[in-house]
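Thanks for coming, everyone. Please look at the screen while I talk. I'll take it piece by piece.

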Amino acid sequence: MRADPRALRFGAAVTTLVLALVLVTGSAWLLAAQAAVFALGLAGRPPYVMFFKALVRSAPKETEDARPPRFAQGVGLVFAVAGLAGHVAGIAPLALVATAGALLAAFLNAAFGFCLGCETYLLLRRLLPAAKLEVHQ
């Protein structure tokens, strides 16, 4: 499966805004909503990307393998769940650091096209070539 890099960067930009709002407001509910978005992305149905595709009808000039961005959604989900755990347990440093980590990764993708989760996926593929890192639908 292939992915439109423009849509992925759009999704990262929206995620950056949402996570920045989480840090500013301290809203666990908003973080839970973003965790749900990450879960949908991991399942192959990223809402922000789908919204982009509904708005932008032009075909991308190039596409990329969808597996690394999907893996990145899973990494984002882990960070969001850790942040939620920090909120629920009343461990503010955990909530802040986990949310900030996800925000940093989303910002790097949105601003510079550098997908930290994607690069992690590719590194793991090189280090563990026999490992099953695929996310099945």
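Let's begin with a question: is Arg67 buried, partly exposed or exposed? Arg67 is partly exposed, because its relative accessibility is 40%, and that class lies between the 20% and 50% cut-offs. Keep in mind that this is a predicted model.

Now, who is the partner of Arg67? Its side chain meets that of Asp65 in a salt bridge, 2.6 Å from N to O. Asp65 is partly exposed as well, at 22% relative accessibility. Side chains of opposite charge can pair when their charged atoms come close.

The count of salt bridges comes to 2. One of them joins the side chains of Asp4 and Arg6, at 2.8 Å from N to O. Asp4 is buried, because its relative accessibility is 9%, under the 20% cut-off. Arg6 is partly exposed, with a relative accessible area of 32%.

On to the helices. Take helix H5, residues 92-112. How far apart are its ends? With 21 residues at 1.5 Å a residue, H5 should span 30 Å. The end C-alpha atoms are 29 Å apart, so the two values agree.

Which residues of H5 are buried? They are Ala95, Ala98, Thr99, Ala102, Leu103, Ala106 and Asn109. They cover an arc of only 130 degrees around the axis, so they sit on the same side of H5. What covers them? The cover includes helix H1 (5-25), helix H2 (28-42) and helix H4 (67-89).

The face away from the buried side carries the exposed residues Pro93, Val97 and Phe112. Phe112 counts as exposed because its relative accessibility is 59%, over the 50% cut-off. Phe112 also belongs to a nonpolar surface patch with Phe107, Phe114 and Leu116. Together, the four have about 400 Å² of accessible area.

Next, helix H2. The buried residues here are Leu31, Gln34, Ala35, Val37, Phe38 and Gly41. Their arc is only 155 degrees around the axis, so they lie on the same side of H2. What do they pack against? They pack against H1, H3, H4 and H5.

Helix H3 is next, residues 47-55. Tyr48, Val49 and Phe52 are its buried residues. They cover an arc of only 100 degrees, which puts them on the same side of H3. H1 and H2 are among the elements that cover them.

Last stop: Leu19, in helix H1. Is Leu19 buried or exposed? Leu19 is buried, because its relative accessible area is 1%, under the 20% cut-off. Which residues does Leu19 touch, leaving aside neighbours within four places in sequence? The contacts are Leu31, Gln34, Thr99, Ala102 and Leu103. Leu31 and Gln34 are among the buried residues of H2. Thr99, Ala102 and Leu103 are among the buried residues of H5.

One more distance. Leu19 and Thr120 are 101 residues apart in sequence. In space, their C-alpha atoms are 21 Å apart.

That's my tour. Thank you.

Notes
Residues numbered from 1 in each chain as written. Predicted model: local features only at pLDDT ≥ 70, side-chain atom pairs only at ≥ 80, totals over all residues. Heavy atoms only, no water. Buried < 20%, exposed > 50% of the residue type's maximum accessible area, 1.4 Å probe, protein only. Patch = residues over 30% accessible without salt bridge, like charges linked within 9 Å, V, L, I, M, F, W, Y side chains within 5 Å. Areas by Shrake-Rupley, 256 points an atom, 1.4 Å probe, with all protein chains shown as cover. Helix = DSSP H or I, 4+ residues; strand = E, 2+ residues; numbered from the N terminus. Expected span 1.5 Å × (residues − 1). Arc of directions from axis to C-beta. Contact = heavy atoms within 4.5 Å.
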